[in-house]
Amino acid sequence: MTKYFDRVLENTVIEPSPRHPASQAFVDAGKELDLKEMDFSRGISAGVGYFPLNAKGRLRQSSSVTYLHPLANLPRHLEIWTQTQAAKINIESGKAIGAETTRGPIHASRAVILTCGSIQTPQLMMLSGLGPAHHLKTLGIGIVADLPHVGEHLRDHVAAPIVWETHAPIAPWEICPFEATMMLKLVDDAPAPDVLFHFGLRIREKYGDDPKLSVNGPAVKASPNVTRARSEGQVKLASSDYRDHPLINLNYLSDPYDMALLLKAMRFTRRLFETKIFQSLCKSEIHPGPDVQTDDEWASYIRSVCETVYHPCGTASIGHVVTPELKVKGIGNLYIADASIFPAMITTNINCAVMMAAEKAADLIMA
Ligand SMILES: Cc1cc2nc3c(=O)[nH]c(=O)nc-3n(C[C@H](O)[C@H](O)[C@H](O)COP(=O)(O)OP(=O)(O)OC[C@H]3O[C@@H](n4cnc5c(N)ncnc54)[C@H](O)[C@@H]3O)c2cc1C
């Protein structure tokens, strides 16, 4: 896969994160707890350091910025329809031949490639009759192929924050409110770190008046997530109408492994506050606060505040729904190239892996 990592690097700019003083305190606190300072752009192992950031100047390099801007550099035959939603894949004699969209039909002379992401790729498939037959039947959708795993195996990096009030206001950050990270290996024989932290500089803007996590004064948070979370949820259709949002059940913490790791991670997180450097940054723990001590109290807190890190994947995975060549099983000329193909969680933030998968998909489809 290094070939595809290199290809992503040819197209995007990866810079070290800026170093906000509070982020630096988090990194130094990790070092006070005997973690090694890591350069995470060179590889992944337990330690503390900064996120490599895909940013040019102050602008994050999303795949759209990376591959589609500036428009003038795009091949002339590429036509992009913005503000257009695909409503259905058209399939004839077992082959994808195009799509119905809100701007009219599209005919595909070679292939249709789905890249709607882990929530909407399975939605579009199910709207088109590709999915679990029993579910489609209940909505009156004609079955084109019974693919029972479409929308299943939804995984994400489930996280839970500890929030501290700081002694002084937090100065503005430059690009992203998450600069520093920490990776821990809490299970001895884990193949790679099993917990990844986001150290966050933005609390009030994120949690607003949510009484579970709101803050009155300046604050920071450390939010560990389970890097290879095992809980699985589903995406289902609410109706046969493409305008209706799909039903998303993340089913967080349904696998006890995820809760066990978060419990350990939360206990480790609290140790940060005991370090000299963190004491100079933070005044007190606001959430959950000192009353939470036992495993039961921690578990109940984690259940009440657990949150997404926006890394859903796996809902049309290799093996279950697509072949290793990313072809949808049983349907001709239909490919998937987004986070829904991942058969397992990616240990770190997944965007770069999605781009790598898309680079490989381009090779496979052109072959
Ligand atoms: C707020 C936020 C912050 C994030 N930050 C990071 C980060 O710092 N680092 C990191 O590694 N990852 C981050 N991620 C995760 C990362 O963005 C995703 O993992 C990645 O974008 C997934 O790529 P994808 O191609 O699978 O789906 P997407 O990027 O979601 O692309 C799907 C595209 O399909 C379009 N679409 C959907 N349905 C239809 C339809 N029916 N018709 C037409 N178009 C459709 C959508 O509008 C979208 O443009 C973040 C995600 C979010 C939401």
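Visitor: How many bridges join strand β7 to β8?
Guide: Strands here are DSSP runs of E with at least two residues, helices are runs of H or I with at least four, and both are numbered from the N terminus. This is a predicted model, in which local features need pLDDT of at least 70, side-chain atom pairs count only at pLDDT 80 or more, and totals for chains, interfaces and linings use all residues. Residues are numbered from 1 along each chain as its sequence is written. Strand β7 covers residues 95–101 and runs antiparallel to β8, and the number of bridges joining them is 4.

Visitor: Which residue in β8 stands opposite Thr101?
Guide: β7 spans residues 95–101, and β8 spans 104–107. The residue in β8 that stands opposite Thr101 is Gly104.

Visitor: What is the average twist from one strand to the next in the sheet β6-β7-β8?
Guide: This open sheet has 3 strands with antiparallel pairing, where two strands pair if DSSP finds at least two bridges between them. Its edge strands, each pairing on one side only, are β6 (86–92) and β8 (104–107). Axes are lines fitted to C-alpha atoms (for helices, over the stretch in contact), and angles run from 0 to 180 degrees between N-to-C directions. On that basis the twist from one strand to the next averages 25°.

Visitor: What is the bridge partner of Val48 in β14?
Guide: Strand β3 (residues 47–50) is joined by 2 bridges to β2 (residues 37–38), and these run parallel. In β14, the bridge partner of Val48 is Met182.

Visitor: Which helix gives the largest share of the shell around the ligand?
Guide: The ligand is surrounded by 16 residues, and the closest are Gly117, Gln120, Asp338, Asn349 and Asn351; a residue counts as near if its C-beta atom, placed from the backbone, lies within 6 Å. At least two shell residues come from each of α4 (117–127) and α10 (351–366). With 4 residues, the largest share comes from α4.

Visitor: How many residues of the shell around the ligand are charged?
Guide: Ala, Val, Leu, Ile, Met, Phe, Trp, Tyr, Cys and Pro count as nonpolar, Asp, Glu, Lys and Arg as charged, and the others, Gly among them, as polar. The shell holds 7 nonpolar and 8 polar residues, and the number of charged ones is 1.

Visitor: Is Leu253 buried or exposed?
Guide: Leu253 is found in the loop between β18 (247–249) and α7 (256–273). Leu253 is not a glycine, yet its phi is positive, about 65°. A residue is buried if 20 or more other C-beta atoms, placed from the backbone, lie within 10 Å of its own, exposed if 12 or fewer, and partly exposed in between. Because Leu253 has 21 C-beta neighbours inside 10 Å, it counts as buried.

Visitor: What is the phi of Asn333?
Guide: Asn333 lies in the loop between β20 (307–308) and β21 (334–336). With 18 C-beta neighbours inside 10 Å, Asn333 counts as partly exposed. Asn333 is a residue other than glycine with a positive phi, near 60°.

Visitor: What is omega for the peptide bond from His287 to Pro288?
Guide: Pro288 lies in the loop between β19 (282–287) and α9 (295–305). The bond from His287 to Pro288 is cis, with omega near 5°.
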